[in-house]
Amino acid sequence: MTTTTPDTDRPVDNGVNVAALLSARDALSEAPAAAQFTWKASCTWQRGTHSRSTVDGFAGLGTQHRHTSNYTFDVDHPECFASADNGPTPVEYVLVGLAGCLTAGVASVAQHRGIQLRSVTATIEGEMNVLGILGADPDIRNGFDRVTARFVIDADAPRDDLEALLAQSQKRSAVFDVMTNPTDVVVELV
Amino acid sequence: MRTTAVVIGAGHAGLAMSRRLTERSVEHVVLEGRDVADSWRTKRWPALRLLTPNWMLGLPGQAAEQPDPDGFLTAPEVADLLRDYARRVAAPVRTHTTVRSVRRGCHGYQVRTEDGAWQADAVVLATGGSSVPFVPACAAALPPSVAQRTAFDYLGPDSLPDGGVLVVGASATGVQLAAELRRAGRPVILAVGEHVRLPRTYRGRDVFWWLRATGVLAERYDEVDDLARARRLPSPQLVGSAVPVDLAALVADDVRLVGRLASVGDGVAHFSGSLRNVCALADLKMARFLGRADEWAKASGLDDELPPPSRPSRTPVPDRPCLSLDLAAGEISTVVWASGFRPDHALLDLPVLDRSGHLRHDGGVVTDARGLYALGLPMLRTRASTYIHGAPADTEALADRLVADLAR
């Protein structure tokens, strides 16, 4: 879809193919089975707290898909936890997931609403009391107490419109939903 | 028994349709399970008033004629209004005639009731968009010590066991019940999902005056961007009086806001962490509408006559919203489900529902079911369709269509 801003008549281009997304929405509404996706990652222990995960494919639209390359992710704990720091901590990957999801949403919604973005940067912080994961205090949860994402957006639009972009991207974000609502999690020995 | 058209339901929509059919000399009956406007007498809590002011209560052949055009009727007054209207238009209502099923007949439709079956060329479903309260599945997981009510069986604060109340849902019903319970001295927690915030009055005029003036009420189903979304839109946080019931007002009265009720497990209710965002969405959306109202006022030369534009303050969201609540701990004695209403299509023995159970229709003309029509559903033909205000235009359009279909 090509949308134009009234003042310049230059087409808005955030690099998001909104037309494809909208037609996918229509098509999948008619074919609910194809809309069922399964996302996958596999993980192999390395040594200590270090593991390596790979992501190479997923299932959806009634078939298997491969990413254009195999992505690998080293996961570890930092030196202050007496680990080797071979990669970010698992909870930092969660923050990365939220940042990526909200940012993709901002770009897509901006494209749909005809807002040209010049830059979008975000800082995500997750606050956590580690007495929870250390098992030192049963009243403290393991996970984040609070997650804060701060966005700086440079675009041709008033502040209200940018706030609306952020609000809509949260509303449509998978990771925001994963983090704000309970999820049934199955972990089993095969 | 045979007739040309059967109208199911003798509420405002069914009665208005009856009048339209009489105007067009279409033989018909109106089948009503109990009495005319029964829901307004038996399924509304005592303090309820209409959200829409009296000037919006015109019906086909009867202008809005309440003494105070800016007042709001109580539920019994709405029932009286409709009872009188049924008499005035001599609607052929068969009361205490519950419809069991609607299915295809050899010509048109067969409508089965307790008192026999009707054969008709056309059937108009006028049982409304709010026939059954929607209660989420997690209701089954509540501890037995907690009482549960819906808007249909809630009879005022005194009808609940002593103690705190968790109201689930912050649309018109939820905010009104939360306000009423809080005024009665109850500790109230309100679970808030997506909602629609509107001020009762803006620049000295009722919000429905603005909704009509700006053309919002007249927006047609075939013109809006996202019809499915428009049809799902929750009812606005309004009450039929000057008292504000938006979340800001409730927080000022010490109602505690929590996120949408996401699940109940082991007696603990878990609330979504999205409270801040659903409030931001509602605040932004309200600001967009008020901006549209201001633009309209400028364009129509009324800007100087009206009080100056203003914006309600942002919804005050708690800094650390509560994410889980032990329902067995005794703080909460009752959960009130204000989680929405649904139409009741159970009597339709016809393949006319989509996979989500919604009636497939084009502006009230049911898809792939010639001679079947629906009224009184949200955004049926325009945004006004949700309200009594929409009935005159909707019934006129559908009665014309019905007559044209009979002639085909």
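## A hairpin, an interface and a helix

Gly57(A) has Arg66(A) as its bridge partner in strand S6(A). This is a predicted model, where local features need pLDDT of at least 70, side-chain atom pairs count only at pLDDT 80 or more, and totals for chains, interfaces and linings use all residues. Residues are numbered from 1 along each chain as its sequence is written, with chains lettered from A and ligands numbered from 1 in the order in which they are written.

S6(A) (63–75) runs antiparallel to S5(A) (50–60), with 9 bridges between them (DSSP needs at least two for a pair; strands are E runs of at least two residues, helices H or I runs of at least four, numbered from the N terminus). The hairpin has 2 residues between the strands, and Leu61(A) takes a positive phi near 55° there. S6(A) lies largely in the open, because 0 of its 13 residues are buried (20 or more other C-beta atoms within 10 Å; 12 or fewer is exposed, in between partly exposed; C-beta atoms are placed from the backbone).

Where the chains touch, A gives 11 residues and B gives 12 (contact: backbone-placed C-beta atoms within 7 Å). On the A side, H3(A) (159–171) and H4(A) (174–180) each give two or more, and H3(A) has the largest share with 6 residues.

Over in chain B, the buried residues of H3(B) include Val78(B), Leu82(B) and Tyr85(B). Asp84(B) and Arg87(B) are exposed on the face turned away from that buried side. Among the elements covering the buried residues:

| Element | Residues |
|---|---|
| Helix H1(B) | 12–23 |
| Helix H2(B) | 38–42 |
| Strand S3(B) | 93–94 |

Just after H3(B), Ala90(B) takes a positive phi of about 50°.

Technical notes: Two residues are in contact if their C-beta atoms, placed from the backbone, lie within 7 Å.
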